[in-house]
Structures are given as structure tokens and as C-alpha cells.
Amino acid sequence: AAVGLLDRPTPGNYLTEWTDHFAQPKRAEELDTESAVIFRLGGEWLALATHVVSEVTHVLKIHSLPHRRAGVVMGLASVRGELVVCVSLAHILGVAGEETARESLRVRQARLLVIRRDDVRLVCPVDEVYGIYRFQPLELHEVPATVMKATASYSKALLPWKNRSVGLLDDQKLFATLRRSIA
């Protein structure tokens with residue numbers, strides 16, 4: 001049956017239709033897209049521009065630093081043989097952890113984001129990574145002025161995704177804070 005299906009003659013207009021389809025230029029709206037890496041910290045879904053995220057890796061051992069037990073700097077992690085400073089985005093953004101019955105499942109989903117801007121390369125633990133998401137700039141919504149959380153001050157827009165609002169982080173503000181914190 002499969003051979004018969006594949007060996008049957010093609011309809012007369014088949015080649016013409018597909019030639020016309022692939023000869024069409026891409027629509028302008030498809031060319032003007034941006035992309036971001038969507039991830040979860042606690043109960044908050046956030047996103048960073050893809051040019052900032054170098055890689056996503058499994059959770060590695062974080063080695064603590066003397067006199068830096070609390071705060072933004074968590075320690076050092078070895079990423080591909082290079083020691084990289086590990087920072088807590090949850091601490092900067094004021095996102096509290098989420099304790100639920102499904103916590104054991106979420107531990108398996110935890111990842112480390114390796115982020116880089118200019119000469120600063122850092123690692124930060126996140127609870128879950130969705131992946132890369134492409135969107136039109138017109139889809140973005142402004143952050144409401146009534147939101148007073150720290151995530152709002154680092155968010156430059158809200159991105160609708162899977163019936164949720166994802167905070168698109170302003171990487172310039174975030175890295176300015178991270179530079180001050182690791183100095």
C-alpha cells in the first residue's frame with residue numbers, strides 16, 4: 001500500500017503550485033521578528049534576549065566563596081573547564097522560591113543559564129527553561145505602572161506566551177546591576 005501511494009503519478013498542477021509557493025518572497029512580518037529565551041524563576045516566567053544567553057547547561061556544583069555567603073554572588077561554577085561567577089537572578093529580581101508538591105519534578109528541570117554581555121560572563125540558576133521563542137515586536141505590552149516588584153523595574157515589556165505574561169528583561173539594566181554586585 002505504501003509503495004502504491006508513493007509510486008502514483010503526481011497531479012498535473014503539482015509542480016506548478018509548489019514552484020509558485022517557494023518562489024514567493026518571505027513576508028515582511030516574518031523578517032521583523034525578535035527572539036528571547038524564556039525561563040522560570042520560582043513562580044515567575046521571564047525572558048532574556050537570545051544574544052545575551054550563551055548557553056543552557058545542566059546544574060553544576062557551585063563552589064562558595066569566602067565572605068560571600070549571602071547576596072547576589074553565589075560562588076563559582078566550572079563551565080566547560082572555565083570558572084565562571086554564579087549569580088542569583090532571583091535575589092536581584094526579588095523572586096521568591098516556589099514550594100509545591102511537584103518540587104521533585106522541578107528539580108530535574110533546573111538549569112543554569114550562561115549569560116554574557118560585553119566582557120561580563122556569568123552563570124545563573126533557573127528553575128526551568130522553555131527555550132527560544134520568536135515574537136513580533138508589536139506583540140509586546142508595556143509593563144503596568146502599578147506593578148512595584150523588582151522584576152517590573154528590570155522588565156522592559158510583557159510578552160504574551162501560552163496564556164501568560166512573560167517579563168522581557170532589560171539586559172542593559174540587569175548587567176549594570178550585576179557588574180556592581182560582583183565588583
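Strand β3 is joined to strand β7 (residues 111-117) by five bridges, and the two run antiparallel. Strands (E, at least two residues) and helices (H or I, at least four) are DSSP runs, numbered from the N terminus, and two strands count as paired if DSSP finds at least two bridges between them. Keep in mind that this is a predicted model: local features need pLDDT of at least 70, side-chain atom pairs count only at pLDDT 80 or more, and totals for chains, interfaces and linings use all residues. Residues are numbered from 1 along each chain as its sequence is written, and side-chain values use heavy atoms, with hydrogens and water left out.

**The six-stranded sheet**
- β3 and β7 belong to an open sheet of six strands with mixed pairing, in the order β3-β7-β8-β6-β5-β4.
- At its edges sit β3 (53-58) and β4 (62-63), each pairing on one side only.
- Look across from glutamate 55 and you'll find valine 114 in β7.

**The five-stranded sheet**
- Here's another open sheet, this time of five strands: the order is β9-β1-β2-β11-β10, again with mixed pairing.
- Its edge strands are β9 (128-135) and β10 (155-161), and each of them pairs on one side only.
- From one strand to the next, the twist averages 35 degrees (angles run from 0 to 180 degrees between N-to-C directions, with axes fitted to C-alpha atoms, for helices over the stretch in contact).
- Six bridges pair β1 (residues 34-41) with β2 (residues 44-49) in the antiparallel sense, and leucine 41 stands opposite glutamate 44 in β2.

**Salt bridges**
- Side chains of opposite charge can pair when their charged atoms come close.
- The count comes to seven salt bridges (a side-chain nitrogen of Lys or Arg within 4 Å of a carboxyl oxygen of Asp or Glu).
- One of them links glutamate 55 with arginine 80, whose closest N and O atoms are 3.2 Å apart.
- Glutamate 55 is in strand β3 and arginine 80 in the loop between β5 and β6, so this pair ties together parts that are 25 residues apart in sequence.
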